[in-house]
Protein chains: 2
Amino acid sequence: MNESQPIKRRHRKTRADHASELAEDYVEAIAEISAAKEVCRAVDLAGRFGVSSVTVNRTIARLVRDGYVTTQPYAPIELTDLGQKLARQSKRRHETVFQFLLALGVSESVAAIDAEGIEHHVSPETLRKFQAYIERHG
Amino acid sequence: MNESQPIKRRHRKTRADHASELAEDYVEAIAEISAAKEVCRAVDLAGRFGVSSVTVNRTIARLVRDGYVTTQPYAPIELTDLGQKLARQSKRRHETVFQFLLALGVSESVAAIDAEGIEHHVSPETLRKFQAYIERHG
DNA sequence: TTTAAAGTTTACCCATTGCTAAAATTCTTG
DNA sequence: CAAGAATTTTAGCAATGGGTAAACTTTAAA
């Protein structure tokens with residue numbers, strides 16, 4: 001009577017239709033790095049995420065496959081329109097979560113860490129509540 | 001000046017020292033199911049999480065390896081003291097996140113889903129802020 | 001310009017988390 | 001108790017996300 005419906009796990013679920021957390025982190029980083037220094041290279045992402053450039057390479061290949069990114073051998077990494085759209089959404093949501101935590105009184109360093117983890121699990125409805133809270137409080 | 005220190009990803013990071021999200025979900029579920037019907041079997045967890053019992057089996061093997069669970073072939077699944085401790089912590093944190101979302105005005109169905117995802121990324125400091133908010137508001 | 005450094009790619013490895021099919025065991029019921 | 005149902009286990013497959021070592025390109029410097 002209690003184990004009603006199955007709890008679907010939210011990590012690694014669908015393929016092309018729904019961007020993974022990793023994809024969101026990557027497009028967000030690619031957008032930021034591209035803005036800061038014109039081109040984004042695998043080595044930049046490797047430094048950013050603290051992983052090897054081999055790992056970056058394969059992740060980028062998946063992003064290409066899923067339509068978020070274009071690149072050619074030994075060339076810089078660029079976002080497609082879809083990738084840019086996802087990057088904007090991710091950045092906006094990330095920023096909202098971060099500001100919300102600050103408004104709640106969480107310290108900046110902890111808010112930065114927690115926002116990273118939380119952002120991928122906040123539904124539109126909850127995000128709106130976060131925004132409302134930010135507007136009410138400072 | 002911005003790509004200061006590497007951003008450590010919070011999913012699937014360490015091995016034995018830090019319980020994975022999946023481990024937390026499992027011990028929480030095992031505790032709940034054991035409380036509700038005396039014994040917890042793989043098939044119960046499979047139903048709960050919407051995965052096959054083969055998948056449950058292997059996950060349980062990892063939990064045994066990591067010291068959270070004991071079991072024997074064809075026997076029910078039981079939590080170790082460590083597993084019970086983790087289950088209590090997880091349940092408490094989960095409950096706090098869920099109540100916090102409700103207090104913020106998020107609907108019950110969405111709060112249930114978001115709490116599942118968010119709970120694993122909330123630091124002790126942020127959790128205290130959540131609790132404080134719940135106490136202030138209803 | 002040639003060479004060395006930096007960056008990228010390829011070829012391997014591993015663990016996790018999912019699956020199906022089939023074998024083994026335990027439970028239930030006729 | 002024997003047969004069938006339910007459950008668990010084993011064997012094998014796949015995708016993701018991590019690694020190293022070594023080869024290959026590109027860039028920079030002497």
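Predicted model: local features only at pLDDT ≥ 70, side-chain atom pairs only at ≥ 80, totals over all residues.
**Exercise 1. Which helices of chain A and chain B each supply at least two residues of the surface near DNA strand D?**

Residues are numbered from 1 along each chain as its sequence is written, and chains are lettered from A and ligands numbered from 1 in the order in which they are written.

*Solution.* 
- Step 1: Take as near any residue whose C-beta atom, placed from the backbone, lies within 6 Å of the strand. Around DNA strand D there are 20 residues, and A:Ser52, A:Thr55, B:Arg41, B:Ala42 and B:Val43 come nearest.
- Step 2: Helices (H or I, at least four residues) and strands (E, at least two) are DSSP runs, numbered from the N terminus. Helix 3 (53–65) of chain A, helix 2 (42–49) of chain B and helix 3 (53–65) of chain B each supply at least two residues.
- Step 3: Helix 3 of chain A gives the most, with 4 residues.
- Step 4: Sort by class, with Ala, Val, Leu, Ile, Met, Phe, Trp, Tyr, Cys and Pro as nonpolar, Asp, Glu, Lys and Arg as charged, and the others, Gly among them, as polar. The surface near DNA strand D then has 9 nonpolar, 6 polar and 5 charged residues.

**Exercise 2. Work out which residues and elements surround DNA strand C.**

*Solution.* 
- Step 1: Of the 21 residues around DNA strand C, those that come nearest are A:Arg41, A:Ala42, A:Val43, B:Ser52 and B:Val54.
- Step 2: Two or more residues come from each of helix 2 (42–49) of chain A, helix 3 of chain A and helix 3 of chain B.
- Step 3: Helix 3 of chain B has the largest share, 5 residues.
- Step 4: The classes here are 9 nonpolar, 6 polar and 6 charged.

**Exercise 3. Describe how helix 2 of chain B packs on helix 3 of chain B.**

*Solution.* 
- Step 1: Angles under 35 degrees count as roughly parallel, over 145 as roughly antiparallel, 65 to 115 as roughly perpendicular and the rest as oblique. Helix 2 of chain B is therefore roughly perpendicular to helix 3 of chain B.
- Step 2: Residues in contact have C-beta atoms, placed from the backbone, within 7 Å. Helix 2 of chain B uses B:Ala42, B:Val43, B:Leu45 and B:Ala46, and helix 3 of chain B uses B:Ser53, B:Val56, B:Asn57 and B:Ile60.
- Step 3: These contact residues are 6 nonpolar, 2 polar and no charged.

**Exercise 4. Classify the packing of helix 1 on helix 4 in chain A.**

*Solution.* 
- Step 1: Helix 1 (residues 21–37) of chain A meets helix 4 (residues 81–104) of chain A at about 95°, with axes 8 Å apart.
- Step 2: The two helices are therefore roughly perpendicular to each other.
- Step 3: Contact residues include A:Val27 and A:Ile30 of helix 1 of chain A, and A:Leu86 and A:His94 of helix 4 of chain A.
- Step 4: By class, the contact has 5 nonpolar, 4 polar and 3 charged residues.

How values were computed. Axes fitted to C-alpha atoms, helices over the stretch in contact; angles between N-to-C directions. Contact = placed C-beta atoms within 7 Å.
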